[in-house]
Amino acid sequence: MIRGYLFTFEGIDGCGKSTQITLLSDALTNEGIPVSVHREPGGSPIAEAIREVLLNPENSKMTNESEALLMAASRVQLLKEVVIPEIESGKVVLCDRYVDSSLAYQGAGRGLPMEWVREINHLAFESAVPDRTFFLDLPVEAALERLGSRRRDRIESSGTDFLKRVREGFSALAEDEPDRYIVLDAMLRPELLAEEILSHTKRLIQ
Ligand code: TYD
């Protein structure tokens, strides 16, 4: 069976994931490698509808449990509808956030039990484990400065202490799985980061 690859990008809001995903996607496309890019929550019409519910600042009554379940629902939809078929057809799939975001935001950030968050995301752990996860690590203060006065979505508005727990959550996940995780200093110049990410990617796919 042909099998593609899954690379995921993680970090707190404002860490520069989307810039790096665009640069990597362009670099691989230029070399004729079939690439597909998605973002979570969202990435398919049903998953985008769930995203709208999740991020709408008016939904201030949403419980932490509903938030985690909706994240998992959006993910399972994207996985089964799009990502798994793409990996099976040999594509390189780049995902802006994935299951680690649920562990860091809903587990470490919101304080939900990690085991439960893992359980509701079992499909991701069983059928589509990332080949590499790039964690763009940035101090919370620097991330907030980058975000500036941009209008925040419901989750981004959760405060500095919340984002600090999320960052620590990602660091702990990276320590637990050093083979899958590549930790990068997101304060570095974007071009340098892009070179590093491209070299890790190519080492694996060629
Ligand atoms: P988005 O605007 O896509 O994030 P970014 O700031 O990275 O561009 O918004 C997604 C928000 O959802 C972000 O604050 C992180 C959060 N999130 C979770 O809390 N859990 C998850 O499982 C995922 C995928 C995202």
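Reader: Which residues does Phe134 touch, not counting residues up to four places away in sequence?
Author: In this predicted model, Phe134 counts as buried, at 0% relative accessibility. Phe134 belongs to strand E4, where five of the six residues are buried. Leaving out residues up to four places away in sequence, Phe134 touches Phe7, Thr8, Phe9, Glu10, Ile182, Leu184, Ile197, His200 and Thr201.

Reader: How are the rings of Phe7 and Phe134 arranged as a pair?
Author: Phe7 is in strand E1 and Phe134 in strand E4, 127 residues apart, and the pair links these distant parts of the chain. A pair of aromatic rings is described by the distance of the centres and the angle of the planes. For Phe7 and Phe134 the centres are 6.2 Å apart and the planes stand at 25°; planes under 30 degrees apart count as stacked. The arrangement is therefore stacked.

Reader: What is the angle between the planes of Tyr5 and Phe7?
Author: The structure holds seven aromatic pairs. Tyr5 and Phe7 form a stacked one, with 6.2 Å centre to centre. Phe7 counts as buried at 0% relative accessibility, whereas Tyr5 is partly exposed at 22%. The angle between the planes of Tyr5 and Phe7 is 15°.

Reader: Is strand E1 largely enclosed or open to the outside, and how many of its residues are buried?
Author: Strand E1 covers residues 5–10. The rest of the structure largely encloses E1, because the buried residues number five of the six.

Reader: In which sense does E1 pair with E3, and over how many bridges?
Author: Strand E3 spans residues 92–96. The pairing of E1 with E3 is parallel, over five bridges.

Reader: Which residue of E4 stands opposite Glu10?
Author: E1 also pairs with E4 in the parallel sense, over four bridges. Within E4, Thr133 is the residue opposite Thr8. Opposite Glu10 stands Phe135.

Reader: Within what arc do the buried residues of H8 fall?
Author: Helix H8, residues 160–176, reaches 24 Å from its first C-alpha to its last, close to the 24 Å expected. Its buried residues are Phe162, Leu163, Val166, Gly169, Phe170, Leu173 and Ala174. Seen down the axis of H8, the buried residues line one face of the helix, because they fall within an arc of 135°.

Reader: How many residues of H4 are buried?
Author: H4 is mostly covered, and its buried residues include Val99, Leu103 and Tyr105. Tyr105 is also linked by ring pairs into a cluster with Phe135, Phe162, Phe170 and Tyr181. Of the 11 residues in H4, the buried ones number 10.

Reader: Which residues is Glu156 in contact with, leaving aside its neighbours within four places in sequence?
Author: Glu156 lies in the loop between H7 and H8. A residue under 20% relative accessible area is buried, so Glu156, at 8%, counts as buried. With its neighbours within four places set aside, Glu156 is in contact with Asp13, Arg150 and Arg151.

Methods
Residues numbered from 1 in each chain as written. Predicted model: local features only at pLDDT ≥ 70, side-chain atom pairs only at ≥ 80, totals over all residues. Heavy atoms only, no water. Helix = DSSP H or I, 4+ residues; strand = E, 2+ residues; numbered from the N terminus. Expected span 1.5 Å × (residues − 1). Buried < 20%, exposed > 50% of the residue type's maximum accessible area, 1.4 Å probe, protein only. Arc of directions from axis to C-beta. Contact = heavy atoms within 4.5 Å. Pairing = 2+ DSSP bridges. Phe/Tyr/Trp six-rings, centres within 6.5 Å; stacked < 30°, edge-to-face > 60°.
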